[in-house]
Amino acid sequence: MVFVGDYVDRGPDSKGVVDTILELADHCNVVTLMGNHEQMLLGYLEDPFSHVAGMFIYNGGSATLESYSDGHGPSVSCVPRVRYCFSRSRPPALLRSCP
């Protein structure tokens, strides 16, 4: 299965989307192509005060962070799962061979 990106900050359950992709990866071959919203999320996680972090929040990142909330704000437990999901972001050979 190939997922084409923008899994986060597109609605109220980004955590559910990422968890579903990771569950599918346990049962079949999954390729997650990173979209610009995932890049912004990773930028936010790297430096929450950066320009990229501001763009993430502006583009709906608050809903993503809320979906990972532990009741006291965003839970840092999301960081390893999100990074793992998007570390799998490599285009399949077919896409790499396109001009």
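Does Val 52 count as buried, exposed or partly exposed, and at what relative accessibility? Val 52 is partly exposed, at 36% relative accessibility, where buried means under 20% relative accessible area, exposed over 50%, and partly exposed in between (1.4 Å probe, protein chains only).

The legends below describe a predicted model, in which local features need pLDDT of at least 70 and side-chain atom pairs count only at pLDDT 80 or more, while totals for chains, interfaces and linings use all residues. Residues are numbered from 1 along each chain as its sequence is written, and side-chain values use heavy atoms, with hydrogens and water left out.

**View 1. The elements of the protein.** The protein contains 5 helices and 2 strands; helices (H or I, at least four residues) and strands (E, at least two) are DSSP runs, numbered from the N terminus. Starting at the N terminus, their order is β-α-β-α-α-α-α. Of the 99 residues, 37% are buried. The accessible surface comes to about 6000 Å², and carbon and sulfur atoms account for 59% of this surface; such areas come from the Shrake-Rupley method with a 1.4 Å probe, and for residues only the protein chains shown count as cover. A contact means heavy atoms within 4.5 Å. Among contacts between residues at least 6 apart in sequence, 69% join residues at least 24 apart.

View 2. Helix α3 comprises 17 residues, 51–67. At 1.5 Å a residue, this helix should span 24 Å, and its end C-alpha atoms are 22 Å apart, which agrees; the expected span is 1.5 Å times one less than the number of residues. A kink of about 90° in α3 is centred on Gly 60, the bend at a residue being the angle between axes fitted to the seven residues ending there and the seven starting there. The buried residues of α3 are Ala 53, Phe 56, Gly 61, Thr 64, Leu 65 and Ser 67. Their cover includes α1 and α2.

**View 3. Val 52 and its neighbours.** Val 52 belongs to helix α3. Leaving aside residues up to four places away in sequence, Val 52 touches Gln 39, Met 40 and Gly 43. Leu 42 is 10 residues from Val 52 along the chain, and the C-alpha atoms of the two are separated by 9.1 Å.

**View 4. Asp 9 and Thr 64.** Asp 9 is placed in the loop between β1 (2–3) and α1 (14–25), and Thr 64 in helix α3. Asp 9 is buried because its relative accessible area is 5%; Thr 64, at 1%, likewise counts as buried. The side chain of Asp 9 makes a polar contact with the side chain of His 37 at 2.6 Å. A polar contact is a pair of N or O atoms within 3.5 Å; within protein, one must be able to donate a hydrogen and the other to accept it, and residues adjacent in sequence count only if both atoms are side-chain atoms. The backbone nitrogen of Asp 9 lies 2.7 Å from a polar atom of the Thr 64 side chain. Beyond four places in sequence, the residues that Asp 9 touches include Phe 56, Asn 59 and Gly 60, and those that Thr 64 touches include Val 8 and Ser 14.

**View 5. The nonpolar cores.** A nonpolar core is a set of buried Ala, Val, Leu, Ile, Met, Phe, Trp, Tyr and Cys residues joined through side-chain atoms within 4.5 Å. The largest has 10 residues, among them Val 18, Leu 22, Met 40, Phe 56 and Tyr 68. Helices α1, α2 and α3 each give two or more residues to this core. Apart from it lies another core, of 5 residues, including Phe 3, Tyr 7, Ile 21 and Val 30.
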